[in-house]
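Here are some notes to read alongside the model, as promised. Have the viewer open while you go through them.

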Amino acid sequence: MTQKVAVLGAGKIGEALLSGMIRAGWSPADLLVTARRQERADELRTRHGVTPVTNQEAAKTADTLILTVKPQDMGTLLDELAPHVPADRLVISGAAGIPTSFFEERLAEGTPVVRVMTNTPALVDEAMSVISAGRHATADHLAHAEEIFGAVGKTLRVPESQQDACTALSGSGPAYFFYLVEAMTDAGILLGLPRDKAHDLIVQSAIGAATMLRDSGEHPVKLRENVTSPAGTTINAIRELENHGVRAALIAALEAARDRSRELASGNNG
C-alpha cells in the first residue's frame, strides 16, 4: 500500500473512509485530505495523522483522487482540478447521480474514472458500496477501488446503468430503516411502552432479522412465514400493512429516489 490516496472534501463519509483505510493497513503518511475549512483540515490531521493539502496539491501528488463533495459542487471542483490531473491518475467519484462521462469530459483524455455509491454505515464499517467503471477504467482500477471501500464494508460491482437504482436501494436505504424504526418506536409508545424500551426492542429485532437474512440463505418470504402463525398476531399486523399499501408505498418511494438520482445526473440540482 505505497500509493498515495487523496480524499477531497472530507466530510463524515470521507473521514470514515480515511479511518477505515488506516485500520486496514494504509499508512497515514500516504493519505492526503482536503477540506473547505482550515479548522476541519487541522482536526483530521490531529485525529488520523493524515496530511491536509490543497485540491491542486492533491491532484499533482496523489495516485488516486477520491471526490466526496456534494453533487452540486462537483463541477466547480473539476474546473479547479482539471489543469493539474495527469491522465494516469485514478479518479473515484462518490457523488450521487453524476455519471463517469461528466468527469471524463472535463479531465484529460483517457483519465480512468470509477463511480462509487456508498452509504452512511461506512461510519461503523458496515457500508454497502456499489462500484462501476468508466470508459477508461480497467479491472485493476476497479480492484483498487474495492480495496479502498472494502475497508469500510462490502462492495459490489454493477454496470453504471444500474447505479441510479442502487442509489435508491442502498445509498438512501439506511434512511428508510431509520424511518421505519422511528415509526415503530412511536407505535411502541402508543401501546404503552417507554421510549427507551421500545427503541431497544426494535433495534435488536432489526439487527437479528438482518443477520438472519445475511446468514441463513433463506428467502425473506420464508423467514417471514416462519414468524407468521395461523390466526396469530403477526398475520394481523401484515394484513394491516397490506391494507395501508405499505408495499406499494415502498416501491413508489424507491422509484422517486431513482428518478431524483437521474435528475441530478442531468444537472437539475433544485
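The points below go from the whole chain to the sheet and then to the helices.

1. Ground rules. This is a predicted model, where local features need pLDDT of at least 70 and side-chain atom pairs count only at pLDDT 80 or more, while totals for chains, interfaces and linings use all residues. Residues are numbered from 1 along each chain as its sequence is written, and side-chain values use heavy atoms, with hydrogens and water left out.

2. The whole chain. You'll find 12 helices and eight strands in the protein chain; helices (H or I, at least four residues) and strands (E, at least two) are DSSP runs, numbered from the N terminus. The C-alpha trace spans about 70 × 40 × 35 Å along its principal axes. Of the 270 residues, 37% are buried, where buried means under 20% relative accessible area, exposed over 50% and partly exposed in between (1.4 Å probe, protein chains only). Take the contacts (heavy atoms within 4.5 Å) between residues at least 6 apart in sequence: 63% of these join residues at least 24 apart.

3. The sheet. Eight strands form an open sheet with mixed pairing, in the order β3-β2-β1-β4-β5-β6-β7-β8. Two strands pair if DSSP finds at least two bridges between them. At the edges sit β3 (51-52) and β8 (153-157), each pairing on one side only.

4. Inside the sheet. Have a look at β4 (residues 64-67) and β5 (residues 90-93), which pair in the parallel sense over four bridges. Ile66 has Ile92 as its bridge partner in β5, and Leu67 has Ser93. Helix α4 (residues 74-81) packs on the sheet, where α4 touches β1 (5-8), β4 and β5, and its direction makes about 155° with that of β4. Axes here are lines fitted to C-alpha atoms, for helices over the stretch in contact, and angles run from 0 to 180 degrees between N-to-C directions. Which way do the side chains of β5 point? Leu90 and Ile92 point one way, Val91 and Ser93 the other, and all are buried.

5. Helices α7 and α12. Helix α7 (residues 163-171) packs against α12 (residues 246-265) at about 130°, with the axes 8 Å apart. The pair is therefore oblique: angles under 35 degrees count as roughly parallel, over 145 as roughly antiparallel, 65 to 115 as roughly perpendicular and the rest as oblique. The α7 side of the contact has Asp164, Ala165, Thr167, Ala168 and Leu169, and the α12 side has Leu254, Ala257, Arg258, Ser261 and Arg262. These divide into five nonpolar, two polar and three charged residues.

6. Helices α8 and α9. What is the angle between α8 (residues 173-190) and α9 (residues 195-216)? They pack at about 130°, with their axes 9 Å apart, so α8 is oblique to α9. Residues in the contact include Val181, Met184 and Ile189 of α8, and Arg195, His199 and Ile202 of α9.

7. One proline to check. Pro220 is found in helix α10 (residues 220-227). Pro220 is partly exposed, with a relative accessible area of 47%. Between Pro220 and Ala209 there are 9.6 Å in space, C-alpha to C-alpha, and the two are 11 residues apart in sequence.

Terms used
Nonpolar A, V, L, I, M, F, W, Y, C, P; charged D, E, K, R; others polar.
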